[in-house]
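Hi,

Here is the structure I promised to pass on to you.

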Amino acid sequence: IEASDMLLMPDPSTANVDPFYEETTLFMSCDVLEPGDGKAYDRDPRSIARRAEAIGLDATHTSLVFGISGAIDMLLFYPGGRVMDRYGRVWVVLPSMVILGLGMMLLPLTQSFFWITAVAVVLGFGNGIGSGVVMTLGADASPAQDRVQFLSGWRLMSDTGNAAGPALISALTTLIPLAGAAVAMGGVALVGAGWLRVWVPRFDPLSRRSLDRLRRGRPSTPDP
């Protein structure tokens with residue numbers, strides 16, 4: 001943490017005796033303080049939680065925000081897949097990435113329960129419509145030969161990205177505030193949306209079928 005010269009202030013209310021060690025061992029959480037003035041370190045997760053609580057977001061409201069966002073996310077699994085299969089991958093991939101990027105950028109601006117919930121709903125919407133799209137794109141791009149090996153490598157890269165995302169945010173917060181890291185990740189999502197807009201149609205089976213119809217002089221409409 002910041003040149004490793006922070007102060008740790010134990011919080012006695014969090015003290016617990018570990019029941020598994022033979023020797024008596026006490027665990028407790030600590031606040032991270034600036035060594036110069038003793039103020040709370042602005043990138044300490046406990047400080048972030050306190051700021052959320054200061055704007056009225058207690059544990060109950062925080063759980064409610066996550067619950068609402070998760071419900072929106074799950075409710076859009078099927079509609080997102082339906083749109084993707086009927087009209088083409090890009091109609092889901094592009095909106096999903098743009099919405100997630102904008103949501104991440106808006107998150108640091110929220111200062112009330114209403115706005116945090118609103119942004120969480122936006123993020124849930126963006127994530128929900130894009131559910132399952134990573135492996136769908138992999139299946140579209142996989143070659144006829146060695147398909148299993150290709151999809152195994154594709155899944156490995158996907159899982160690597162899932163693990164690297166939180167690590168990247170943690171690394172960024174050592175250099176900039178958490179709000180800046182959220183904006184940076186939103187920017188990455190928007191750049192990704194632009195790249196996917198170019199790449200996805202090359203492998204989208206609906207796009208290929210549409211091109212074949214045009215070549216045969218038939219209307220370019222999706223299959224019913």
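**Confidence first**

The protein chain has a mean pLDDT of 79, with 80% of its residues at 70 or more; pLDDT is the predictor's confidence in each residue, from 0 to 100. This is a predicted model, in which local features need pLDDT of at least 70 and side-chain atom pairs count only at pLDDT 80 or more, while totals for chains, interfaces and linings use all residues. Residues are numbered from 1 along each chain as its sequence is written, and side-chain values use heavy atoms, with hydrogens and water left out.

Helices here are DSSP runs (H or I, at least four residues), numbered from the N terminus. Over residues 219-224 pLDDT stays under 50, and the model has 11 contacts beyond four places in sequence for them (contact means heavy atoms within 4.5 Å).

**Two helix pairs**

α4 and helix α8 (residues 178-203) cross at roughly 165 degrees, and their axes come within 7 Å. Axes are lines fitted to C-alpha atoms, for helices over the stretch in contact, with angles from 0 to 180 degrees between N-to-C directions. α4 and α8 are therefore roughly antiparallel (over 145 degrees), and their crossing is left-handed (the near helix is turned anticlockwise from the far one by less than a right angle). Residues making the contact include Val93, Met97 and Gly101 of α4 and Gly186, Gly187 and Leu190 of α8. By class, this contact has 16 nonpolar, 4 polar and 1 charged residues; Ala, Val, Leu, Ile, Met, Phe, Trp, Tyr, Cys and Pro count as nonpolar, Asp, Glu, Lys and Arg as charged, and the others, Gly among them, as polar.

Helix α2 (residues 59-75) packs on helix α5 (residues 113-129) at about 30 degrees, with axes 7 Å apart. These two are therefore roughly parallel (under 35 degrees). Among the residues in contact are Leu64 and Ile68 of α2, and Ala120 and Gly124 of α5. The contact of α2 with α5 has 9 nonpolar, 6 polar and 1 charged residues.

**One residue to look at**

Thr136 is in helix α6 (residues 133-141). Its side chain reaches the backbone oxygen of Gly132 at 2.9 Å. Leaving out residues up to four places away in sequence, Thr136 touches Met84 and Arg89.

Best wishes

Note on methods
Parallel < 35°, antiparallel > 145°, perpendicular 65-115°, else oblique. Polar contact = N/O pair within 3.5 Å; in protein donor to acceptor, adjacent residues only side chain to side chain.
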